[in-house]
Each structure stands twice: as structure tokens, then as C-alpha cells.
Amino acid sequence: MADSSQQRASFDQSLWLLTVGLAAWMIPGAGHFLVRERKRGIIIFVVITTLFVLGLYVGSIGVVDWVGGRIWFYAQILYSPVVGIIGNMTKNGDFQVFGRPSDIGQIYTGIAGLLNFLCILSAVYMAYCGRGQLIGHEEEEDA
Amino acid sequence: MLEGLVLAAFTSPIEIGTTPASMLWMFPLLAAISFVYKATKMRVLFFKRYLLESLLLFLSVSGFMIMAIIVLNLVCWLITS
């Protein structure tokens with residue numbers, strides 16, 4: 001009986017961590033929002049989205065290129081699944097980009113993806129530690 | 001009309017020359033890295049302290065990058081002169 005309830009609790013915990021991780025990937029900062037770290041979530045969303053949009057503005061959506069720039073694409077896709085849709089739009093090579101704008105655009109969007117990966121790990125770790133469930137309210141009141 | 005202009009801005013790259021001034025594009029990136037890193041690292045987010053620590057990290061990383069640029073330029077100058 002105790003074994004069964006322990007298994008259920010472990011399954012619930014895994015499902016919760018998966019939900020937080022997926023939310024953090026879908027929308028940057030959403031994982032922290034779920035664990036009641038709202039200020040962190042807003043900061044992460046604003047900064048990472050600004051960085052990603054700035055990268056697209058500098059180099060055009062052509063910097064998301066999963067045919068010619070696959071390694072960069074692996075970093076960019078960590079920003080959000082939306083990058084996959086952009087990659088699908090640019091796969092025919094209609095948005096060619098070269099030179100310095102291409103470099104800066106790829107670096108900005110790639111770093112935005114990698115920073116979001118850091119935030120996904122941070123949100124999942126906070127959820128694993130029980131942040132938001134146990135001490136989230138007290139911390140918000142202190143802050 | 002406005003939507004068209006906004007979308008058009010993302011379909012063609014802006015002009016950036018291969019000049020030393022293009023290195024200034026690293027600063028927004030360093031600022032973003034500093035703000036996100038500190039947002040994930042600080043246990044409790046006190047706003048003033050967060051801003052101060054992010055600024056300090058941004059300044060120290062920027063300083064390190066500038067020093068690296070100076071050293072690399074010196075090495076190039078020594079090799080080529």
C-alpha cells in the first residue's frame with residue numbers, strides 16, 4: 001500500500017517536472033511562472049525574447065536555417081518550438097543572408113536559445129526542490 | 001500597412017559593415033547574458049540588488065572582453081611589425 005502511494009507520488013513529481021520543463025521551452029520564463037517565481041519569469045521572458053527578436057531583425061529570418069546551418073539551428077530551437085515553424089518557412093532558401101549580419105543574427109538567436117536552456121534547467125531544478133509549493137509565497141512576500 | 005512593414009523588417013538583413021564598430025554589437029549580448037544569468041542564480045530576487053549584481057557582472061565581462069581584444073591586437077601587431 002505504502003509502495004503504491006510512493007510510486008504515485010514519484011509519478012506526480014515526474015509529471016510536474018516535465019510540465020515545468022515543457023512550459024519553460026514553449027514560452028521562455030513560463031517555467032518560473034509555474035513555480036511562482038513570477039518576477040524571474042517576466043525578466044527571463046523579456047530579456048531572452050528581446051535578444052531573439054533582435055537577432056532576427058539584424059540578420060532576417062534567414063538566420064534560422066536548418067539546412068545550411070544545422071548546428072546553429074540546434075541552439076536556436078532551444079528558444080521555443082516557434083523556431084521550428086520559422087525554419088520550415090526558410091528551408092527553401094528564399095531568405096539568403098551573408099556576412100556580418102548573418103554572423104550577428106545567428107549568434108544572437110543561438111545564444112537566446114542556449115540562455116533559455118539554462119532557464120529550463122533552472123525552472124526544473126526549482127520545481128524539483130519544491131520551490132513555489134513550499135516557500136514560494138514567503139519568498140515573494142520577503143522580496 | 002504597419003503589419004506589412006514590421007514583417008518586411010524581418011525578411012531582409014540590416015546593413016552592418018565589417019568595421020571595428022561592428023564589435024559594439026557584443027554589448028547587448030553581454031547585457032542579456034548578465035541579466036539572465038543573475039535571474040537564475042540569485043536565490044531571492046531583491047530588485048535593487050539584482051540590478052546591481054547584473055550591472056557588475058556586465059561590467060566585469062565587458063572589461064575582460066576589452067582586455068582580450070587589446071591583447072590579441074597587440075599580438076597581431078607584434079607578429080606583423
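Me: Which residues of helix α5 (residues 82-90) of chain A are called buried, and what makes them so?
Reply: They are A:V83, A:I86 and A:T90. A residue is buried if 20 or more other C-beta atoms lie within 10 Å of its own, exposed if 12 or fewer, and partly exposed in between, with C-beta atoms placed from the backbone. This is a predicted model, where local features need pLDDT of at least 70, side-chain atom pairs count only at pLDDT 80 or more, and totals for chains, interfaces and linings use all residues. Residues are numbered from 1 along each chain as its sequence is written, while chains are lettered from A and ligands numbered from 1 in the order in which they are written.

Me: Why are the buried residues of α5(A) said to line one face of the helix?
Reply: Seen down the axis of α5(A), they fall within an arc of 60°, so they line one face. The arc is that of the directions from the helix axis to the C-beta atoms. In general, an α-helix has 3.6 residues a turn, so residues three or four places apart point the same way. On the other side of α5(A), A:I85 and A:N88 are exposed.

Me: What do the buried residues of α5(A) pack against?
Reply: They pack against α4 (70-76) of chain A. Two residues are in contact if their C-beta atoms, placed from the backbone, lie within 7 Å.

Me: How do you know what span to expect for helix α3 (residues 38-59) of chain A?
Reply: The expected span is 1.5 Å times one less than the number of residues. Helix α3 of chain A has 22 residues and reaches 32 Å from its first C-alpha to its last, close to the 32 Å expected. Its buried residues include A:I44, A:L51 and A:F52, and their cover includes α2 (26-41) of chain B.

Me: Which helix gives the largest share of the side of chain A that touches chain B?
Reply: In total, 30 residues of chain A are in contact with 22 residues of chain B. The largest share of chain A's side, 12 residues, comes from α3(A).

Me: What makes chain B 3 helices and 0 strands?
Reply: Helices (H or I, at least four residues) and strands (E, at least two) are DSSP runs, numbered from the N terminus. Chain B comes to 3 helices and 0 strands by that count.

Me: Why is chain B called more spread out than a compact globule?
Reply: The globule rule is 2.2 Å times the number of residues to the power 0.38, and the radius of gyration is taken over C-alpha atoms. For 81 residues the rule gives 12 Å, and chain B has 19 Å, well over that, so it is more spread out than a compact globule.
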